[in-house]
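Me: I want to learn how to read features off a model like this one. Take me through it step by step.

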Amino acid sequence: KGKCPEDGWDESTIELFLHELAVMDSNNFLGNCGVGEREGRVASGLVARRHYRLIHGIGRSGDISAVQPKAAGSSLLNKLTNSVVLDIIKLAGVRTVTNCFVVPMATGMSLTLCFLTLRHKRPKAKYIIWPRIDQKSCFKSMITAGFEPVVIENVLEGDELRTDIEAVEAKIKALGAENILCVHSTTSCFAPRVPDRLEELAVICANYDIPHIVNNAYGVQSSKCMHLIQQGARVGRIDAFVQSLDKNFMVPVGGAIIAGFDECFIQEISKMYPGKASASPSLDVLITLLSLGASGYKQLLKERKEMFSYLSSELKKLADTHNERLLDTPHNPISLAMSLKNLDENNDAAVTQLGSMLFTRQVSGARVVPCGSVQTVNNYTFKGFMSHANDYPCAYLNAASAIGIKKQDVDVFLKRLDKCLKTSRKEAKKEKSVNEITNSNTGTEQLED
């Protein structure tokens with residue numbers, strides 16, 4: 001049926017299935033005589049076993065989704081993976097998605113592939129409208145494709161940074177719709193930025209006949225992000241949405257899913273990919289989904305939501321004890337932010353030092369964002385880089401509840417963060433006292449002079 005099985009398979013069943021696929025590839029035929037340059041020859045037995053002897057990769061030189069005659073097993077693997085992944089995207093909340101394919105590139109390069117496909121449809125276009133999100137790969141994806149990003153600054157509503165819909169529409173009118181390749185929006189993001197107003201953006205794109213590409217990097221695990229995509233497609237226009245394999249399915253980095261509501265357009269993107277491609281990302285995600293089953297993946301989504309609530313409540317308690325606060329970002333379903341005003345007021349360096357302290361204590365993934373940092377990416381200068389705004393009111397720390405997180409992860413993180421905050425405050429106070437004494441002595445010396 002091409003759907004994810006409801007209950008996961010055991011490892012021996014999955015291995016038997018993969019071996020059955022592998023014997024369908026010509027490089028594994030007993031009497032095979034290969035006289036071409038690409039015959040699936042592998043020098044190392046260890047490498048062959050690592051790939052279950054599925055060596056030919058996926059697709060043909062003109063289409064990553066095409067069937068390769070001498071690699072029937074690998075081709076079947078590719079078709080099944082795309083079908084199972086489509087089933088999971090529907091299960092996760094985008095019910096009307098019609099087509100998708102796994103591409104062996106991470107999210108940034110997969111977005112670039114989407115933009116390059118649109119180039120042929122809109123040859124005059126040179127701009128991409130991009131509500132600002134401080135993440136280098138999605139910015140560079142537009143530059144690499146040869147387009148000029150038009151950065152739309154976010155608006156501050158309470159603690160949240162939200163899409164400036166009026167600025168987007170004003171910029172479309174100023175540049176001319178025919179000169180705009182697409183609107184490039186984002187769902188999953190670090191708080192205090194929240195997912196873009198996808199419904200409003202989709203309506204604008206439909207009204208001005210402008211394509212709409214959504215960066216849904218780690219949004220599959222969030223029912224709220226997936227609902228936004230579904231609603232955007234229902235009321236307006238979304239041409240494609242791109243998500244990472246590693247962030248959503250707990251597999252090694254190196255793959256993404258490009259999905260959409262127009263089957264023909266998604267096929268066009270797959271045909272834009274030059275040459276054959278590695279089957280590793282497809283193999284990894286298929287093994288994972290067969291192992292979990294639909295019920296296993298749904299359980300992971302449920303646990304992630306529960307852990308988000310737990311992380312939110314416990315981080316709020318910790319913030320209160322340190323005279324800080326959990327920023328109010330109800331529209332962000334994955335990431336949380338806690339203010340670091342006390343550290344920031346005492347010493348600018350104390351904020352970044354906190355990040356270093358957490359990292360050396362084996363806390364990964366927590367981001368510490370100081371005020372006023374400046375970063376230049378491809379000749380474009382971002383003020384307040386990492387905070388998604390030129391002047392966010394305070395420094396803060398990010399933590400996220402992503403798929404696979406456990407209660408133990410949250411508890412250990414909070415314990416270590418508590419210790420680091422206590423240490424940072426002591427050091428900041430000590431340094432402040434030293435500075436005050438130094439300034440006092442300097443003042444006395446000046447008076448004597």
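Me: Leaving aside neighbours within four places in sequence, which residues is T187 in contact with?
Reply: First, a caution: this is a predicted model. Contact here means heavy atoms within 4.5 Å. On that basis T187 is in contact with P195, L198, V214, N215, N216, C225 and I229. T187 itself sits in the loop between β6 (180–186) and α7 (198–208).

Me: Is T187 buried or exposed?
Reply: Buried means under 20% relative accessible area. T187 has 0% relative accessibility, so T187 counts as buried.

Me: Now a strand residue. Where is A240, and is A240 buried or exposed?
Reply: A240 belongs to strand β8 (residues 240–244). Its relative accessibility is 0%, so A240 is buried. Not counting residues up to four places away in sequence, A240 touches C114, H212, I213, V214, I258, A259, G260, F265, I266 and I269. T117 is 123 residues from A240 along the chain, and their C-alpha atoms are separated by 11 Å.

Me: How do I describe two packed helices?
Reply: Use the angle between their axes and the distance between the axes. Take helix α4 (residues 107–121) and helix α5 (residues 136–144): they pack at about 35°, with axes 8 Å apart. Their crossing is right-handed. On the α4 side, G108, L111, T112 and F115 make the contact; on the α5 side, S137, C138, S141, M142 and T144 do. By class, that contact has four nonpolar, five polar and no charged residues.

Me: What about α1 and α11?
Reply: Helix α1 (residues 11–22) and helix α11 (residues 280–321) have axes that come within 10 Å and cross at roughly 140°. Angles over 145 degrees count as roughly antiparallel. The α1 and α11 pair is therefore oblique. This crossing is right-handed. I14, F17 and L18 of α1 meet L283, L286, I287, L290 and S291 of α11. The residues of this contact divide into seven nonpolar, one polar and no charged.

Me: Which residues does UniProt annotate as "binding site", and do they cluster or spread?
Reply: Check the sequence span, then the C-alpha distances. One "binding site" annotation in UniProt, from an unreviewed entry, covers R60, S61, Q68 and K276. They are spread over 217 residues of sequence, yet cluster in space: the largest C-alpha distance is 9.6 Å.

Me: Where are R234, R361 and K426, and why do they not all gather at one spot?
Reply: UniProt, in an unreviewed entry, places the feature "binding site" at R234, R361 and K426. They span 193 residues in sequence, and the farthest two C-alpha atoms are 53.9 Å apart, so they do not all gather at one spot. R234 is in helix α8 (residues 223–235) and is exposed at 57% relative accessibility. K426 is in helix α14 (residues 407–448) and is exposed, with a relative accessible area of 63%.

Note on methods:
Residues are numbered from 1 along each chain as its sequence is written. This is a predicted model: local features need pLDDT of at least 70, side-chain atom pairs count only at pLDDT 80 or more; totals for chains, interfaces and linings use all residues. Side-chain values use heavy atoms; hydrogens and water are left out. Axes are lines fitted to C-alpha atoms, for helices over the stretch in contact, and angles run from 0 to 180 degrees between N-to-C directions. Helices (H or I, at least four residues) and strands (E, at least two) are DSSP runs, numbered from the N terminus. Angles under 35 degrees count as roughly parallel, over 145 as roughly antiparallel, 65 to 115 as roughly perpendicular and the rest as oblique. A crossing is left-handed if the near helix is turned anticlockwise from the far one by less than a right angle, and right-handed if clockwise. Ala, Val, Leu, Ile, Met, Phe, Trp, Tyr, Cys and Pro count as nonpolar, Asp, Glu, Lys and Arg as charged, and the others, Gly among them, as polar. UniProt positions are given in the numbering used here, feature names are shortened, and annotations may be inferred rather than shown by experiment. Buried means under 20% relative accessible area, exposed over 50%, partly exposed in between (1.4 Å probe, protein chains only).
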